[in-house]
Amino acid sequence: MGTHAAAAAVTDTATLYNRTASLPARGRRTALPAHIRRILIVGGGTAGWMTALTFARSLADQAVEIELVESPTVGIIGVGEGSTPWLRGFFDGLGIEEGEWMPQCHATYKNGITFAGWSTKPGFTRYFHPFASMLDNLTMLQFVHNADARVNGADVCAHPDRYFLATRLARKALAPKPIETFPFDVWHGYHFDAVLLGQFMQKHAVQRGVRHRVAHVTHANLNEQGDIASVATEEGLTLAADLFVDCTGFAGLLIDKALKTPYVSFADNLFNDAAVALPTPLGDSIPSETVSTALKHGWMWQIPLTQRFGNGYVYSSQACSADQAERELRETLGLLDADVPARHLKMKIGRVARHWNKNCVAIGLSQGFIEPLEATALLFIQQTATAFVDCLEKGDLSEAAHDRFNGQVNQHFEGTRDYIVTHYKTNSRTDTPYWRANSANQALSEPLKQLLNLWMSGQGIAAAVRQQRLGKGYPVFSWYSLLAGMGIFPDADRLHPAQGREALYRIADIDDLLDRSEVNYRDHREVLSAIPPRRTAPGLQVYFW
Ligand SMILES: Cc1cc2nc3c(=O)[nH]c(=O)nc-3n(C[C@H](O)[C@H](O)[C@H](O)COP(=O)(O)OP(=O)(O)OC[C@H]3O[C@@H](n4cnc5c(N)ncnc54)[C@H](O)[C@@H]3O)c2cc1C
């Protein structure tokens, strides 16, 4: 493909994800209001410590005291083992190398997610949603072109698995780290042990000046304006601050219990509200992907860490009981008689109406949660914390700033919700009422309806997504991977042989290109056992911004 076509592909696939997820530059001039001298973060899960690190990096030299208080009796949720590629920007921004954090958190590389069993369409019962990167721009245009041609009835290959390097790496358990002589970095996420990650971040945050206190908060005291003045603890302490961050998880101690912020439920759009999790041992190789397999009443994640697999079944409690779900998970994993304890969890799906309300910002599960199908929760934490620091540094704590901030975060929630909903809406399983109800579900947002109509009409969705008129928050290749991967095309017997422009690209040429790229990547387990310091120029990694 010539440079012109490659350039077009770049524009086609550019995404609004997300400058806001990278930490602000260090040492920049800020207009932090003088009255902000003390910030109290309540909650020490992943959200609490990620927020503490983000704030410490930007605000520590502004003479702002940052304290984190966490309960000695309420544990963290302890799941959440997969990330998007944006976590890499988080650690890079903190100057923490993979070689330091990954081994301590039993972390592995993630090239993307396999979706198995979501579609029953012949040839499309499995597909991979890759983290596409620089090299994939060489094949992206062809993928989009062929998918559009197939929607219009041309018999061309439009399965996403044929077009992305990350898919090849995942299929062969290769790491997204090229050999020294191959200068193309691959965009990747991570898998990690959530508890170890929390401990790692805690250590770093404390080293960077965050004060850590263990105490159980009973309630918040409001002042006359309805702002939070302080929180009281079971130990008899009163902790005052100028700003409060609610990182108390689903409890929402400040944003919900104290400030009574309205909640927008997504229960009509997304039916799953419970999960059960179980570990299993690793085999010989360590996969470099998450696998999401559709089960009877939801889906199962399988996430490889360096020491074990984390597995879990996310399901709807309307469709089956916790016991039934555990049994189905154990059966699927071959653990019916094994003495491995399972963890059961409840999930509240939706978001608060105002993430920043009065002098409190909610970050993490307290602000809302969309089920973990695309492992986006840590990205929300990163974005919310970074966007809030941005407001602080601009010195703008006005009502207008609140509104802008809340609008931005809400838009991200809604965009992600729509992308997740599409997995369910386009499923073609008919084996249980759960799957039939999902495909029949009419509770779709207006933009999602328009996007699906556009796809079905054969006009292509690339332009609308690229301009972020529709499909907000996800890039073109993600939408095409999802819709093409689920086989949302005319049935095979209604396709015609490709003619003229429809037959522009030969799949053999794509195969050849990927064959030549793939040889530059090595076995995942091998790479993990000797994680090298990062060596690629940062410019290569931000290609999709
Ligand atoms: C089934 C499931 C799977 C998931 N998978 C993923 C995934 O793959 N990827 C991803 O990015 N995310 C995932 N998530 C989401 C992810 O787990 C969370 O976003 C993340 O762990 C942040 O949680 P948190 O810190 O907000 O809450 P928690 O981990 O619940 O922490 C809450 C904190 O608040 C403290 N606290 C609570 N009450 C009080 C009190 N009264 N006083 C003082 N402290 C208090 C607790 O002690 C604790 O420290 C998943 C979630 C679920 C439910």
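Predicted model: local features only at pLDDT ≥ 70, side-chain atom pairs only at ≥ 80, totals over all residues.
Q: Why is A34 called exposed?
A: The cut-off for exposed is over 50% relative accessible area. A34 has a relative accessible area of 62%, so A34 is exposed.

Q: Where does A34 lie?
A: A34 lies in the loop between α1 (3–13) and β1 (38–42). The C-alpha atoms of A34 and V389 are separated by 15 Å, and the two residues are 355 apart along the chain.

Q: Which residues come nearest to the ligand?
A: There are 33 residues around the ligand, and G44, V74, I77, G82 and L365 come nearest.

Q: What makes up the shell by class?
A: The shell around the ligand has 19 nonpolar, twelve polar and two charged residues. Gly counts as polar here.

Q: Which helices each supply at least two residues of the shell?
A: They are α2 (46–59) and α10 (377–394). The largest share, three residues, comes from α10.

Q: Why is strand β14 called largely enclosed?
A: Buried means under 20% relative accessible area. Six of the seven residues of β14 (residues 274–280) are buried, so the strand is largely enclosed by the rest of the structure.

Q: How do you know that β14 pairs with β17?
A: Pairing needs at least two bridges. Seven bridges join β14 to β17 (residues 309–315), so the two strands pair. They run antiparallel. T280 stands opposite F309 in β17.

Q: What makes β18 a partner of β14?
A: The cut-off is at least two bridges. β14 and β18 (residues 343–346) have four bridges and therefore pair, in the antiparallel sense. V276 stands opposite H344 in β18.

Q: Why are β9 and β11 called edge strands?
A: Three strands form an open sheet in the order β9-β10-β11, with antiparallel pairing. β9 (217–222) and β11 (238–240) each pair on one side only. The twist averages 25° from one strand to the next.

Q: How do you know that β10 and β11 pair?
A: Three bridges link β10 (residues 228–233) and β11, against a requirement of at least two, so the strands pair. The sense is antiparallel. S230 stands opposite A240 in β11.

Q: What makes β13 and β22 edges of their sheet?
A: The open sheet has three strands in the order β13-β19-β22, with antiparallel pairing. β13 (263–265) and β22 (368–369) each have a single partner strand, so one side of each is left without a neighbour in the sheet.

Q: How do you know that β13 and β19 pair?
A: Three bridges join β13 to β19 (residues 350–352), and at least two are needed, so they pair. The bridge partner of V264 is R351 in β19.

Methods. Residues numbered from 1 in each chain as written. Heavy atoms only, no water. Near = heavy atom within 4 Å. Buried < 20%, exposed > 50% of the residue type's maximum accessible area, 1.4 Å probe, protein only. Axes fitted to C-alpha atoms, helices over the stretch in contact; angles between N-to-C directions.
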